[in-house]
Amino acid sequence: MQREMKKTVRSIPLNCVDKCLLALDGINEPMLTHAIINLEGKIDPARLNQAILSAQKAYPIMRTILRGRYLRLFREIQEDLGDGVLVVQDLAKPEDAGKCLFEWLNRPLDIKRGFPLRVVLLRKNGAESSLIFTFHHSAVDGLRAVLFIRRVIDSYNNEVAEDSLPLKDPRINRRGDELLEFANSQRSRVEHYYTKMLSSLFRRFIIDALPPPTRVFHDGSGHSKEISYYPRTISPAELEQLEFKSRTAGVELNDILLAACFRVVEKWNSMHGKASKRIRIMAPVNISPKGFRYVVSNQASWISPVTTLEDRADPAKLLRKVRADTLYAARNRIAFSLVYFFYFCSRFPLVIMRGMCRFLMITRTYVDTILITNLGPIWPRPGADEPVVTRIGSSKIVGVTGVAPVVTPMGLSICAGIYKRNLNLSLSYRPALLSREKAQMFLDLYVEEIKNYQAGLKRA
């Protein structure tokens with residue numbers, strides 16, 4: 001009987017990026033991502049809970065529990081989903097929403113005892129509410145989190161057949177690391193591929209580490225790992241103008257977001273009497289292998305563009321450099337160099353990986369200045385030309401905001417996404433390091449820097 005039970009257990013292995021994020025989480029650097037959906041209108045909690053359960057059945061990783069055996073970690077798929085992960089919280093006063101949201105964002109998520117997902121419906125009054133999805137980053141990245149939430153909405157809206165089969169996850173009970181295999185498959189597409197991978201790692205850990213990357217000025221010195229966030233929105237008219245001028249200049253919107261981030265860090269530090277020498281920005285990159293487009297998982301690496309004082313002196317020159325560096329990184333698959341590094345680290349037991357992460361946090365040398373991630377347009381169906389989802393049942397979706405994790409040496413992360421032609425920006429920050437007023441000032445300065453790039457784009 002025991003042998004038969006063992007045969008029925010299904011599992012999903014961790015790839016090398018999953019393991020490294022798990023190691024970071026294990027040294028009290030919470031690796032949680034959040035999606036905040038603001039709503040107008042009533043939501044049926046029972047129907048919502050059923051929609052979440054349906055999405056969990058469709059995407060097995062969202063119903064797994066982390067297990068370990070013989071120094072090997074894996075995710076065990078659970079067939080019994082219990083009563084669900086949804087929590088409904090009615091607020092006594094609408095002004096309590098901020099406090100409740102802060103507590104929710106900072107509540108630990110133990111994936112050894114539960115699923116890498118939790119959801120709360122904060123009901124402010126009869127007409128307004130917020131739906132917050134929290135994911136463990138070792139199980140899913142931002143793009144795939146949006147994919148899961150879309151499935152929840154479709155199920156709530158009865159756009160998914162009740163008898164539809166779960167989506168196929170190619171990782172179930174497989175061996176090997178899909179990211180490493182995908183990285184190796186790039187060799188035929190890039191000349192001198194492995195030489196470029198080694199060169200990229202040498203530059204990152206040796207050349208670009210001396211001097212260490214500039215740190216963003218903080219007005220606090222606390223050690224709490226709690227995070228908060230501050231949102232800002234660029235209107236559809238402003239976004240349309242920015243996109244038009246970026247096309248005219250032959251760059252992408254993401255290039256402008258990156259270039260503006262370099263300049264705002266320098267301006268911010270200068271305002272506080274701190275010099276900015278070499279700034280290095282962490283920019284996540286989607287490296288999903290073939291067959292993983294619709295799989296909820298963590299399929300991301302990143303590139304780390306670097307600029308000097310001279311690069312940032314002229315906005316047009318900076319934009320050209322950012323564009324050239326990102327194109328070079330894309331053509332030569334530079335994001336895969338970190339996959340090889342992560343895979344090397346993942347061959348060690350988790351306790352040793354945690355020690356490696358502590359070394360990175362203590363030295364601060366190898367950690368980038370700030371993180372900026374752009375999710376792009378949210379919720380048109382992948383590959384389809386159709387309008388964005390705007391409702392959950394009879395409730396209207398007013399806005400969607402992402403909240404990215406924050407690593408201690410950075411202290412700040414920026415998440416961008418376009419919903420209903422609004423460019424929504426969210427600054428995640430550590431209140432122990434930065435006051436809310438300072439966080440607001442930083443993001444306001446960043447938004448103005450983005451808008452100011454409109455005037456000089458033709459020069460790029």
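These legends walk you through a few close-up views of a predicted model. Local features are described only where pLDDT is at least 70 and side-chain atom pairs only at pLDDT 80 or more, while totals for chains, interfaces and linings use all residues. Residues are numbered from 1 along each chain as its sequence is written, and side-chain values use heavy atoms, with hydrogens and water left out.

View 1. Cys345 is in none: its nearest cysteine sulfur belongs to Cys20, 5.1 Å away. For Cys357 the closest cysteine sulfur is also in Cys20, at 6.4 Å, which is too far for a bond. Cys345 has 7% relative accessibility and counts as buried (under 20% relative accessible area; exposed is over 50% and partly exposed in between, with a 1.4 Å probe and protein chains only). Cys357, at 9%, is buried too.

View 2. A pair of aromatic rings is described by the distance of the centres and the angle of the planes. Rings of Phe, Tyr and Trp (its six-membered ring) pair if their centres lie within 6.5 Å; planes under 30 degrees apart are stacked, over 60 edge-to-face, and the rest tilted. The count comes to 15 aromatic pairs. One of them joins Phe205 and Tyr366, tilted at 45 degrees with centres 5.7 Å apart. Phe205 lies in helix H7 (residues 193-207), and Tyr366 sits 161 residues away in the loop between helix H13 (350-363) and strand E12 (370-377). Helices (H or I, at least four residues) and strands (E, at least two) are DSSP runs, numbered from the N terminus. Phe205 is buried at 18% relative accessibility, whereas Tyr366 is partly exposed at 23%.

**View 3. Charges over rings.** A charge sits over a ring if NZ of Lys or CZ of Arg is within 6 Å of the ring centre and within 35 degrees of the ring normal. Look for the charged end of Arg47 over the ring of Tyr156, 4.2 Å from its centre. The charged end of Arg118 likewise sits over the ring of Trp104, 4.9 Å from its centre.

Notes:
Disulfide = S-S within 2.5 Å.
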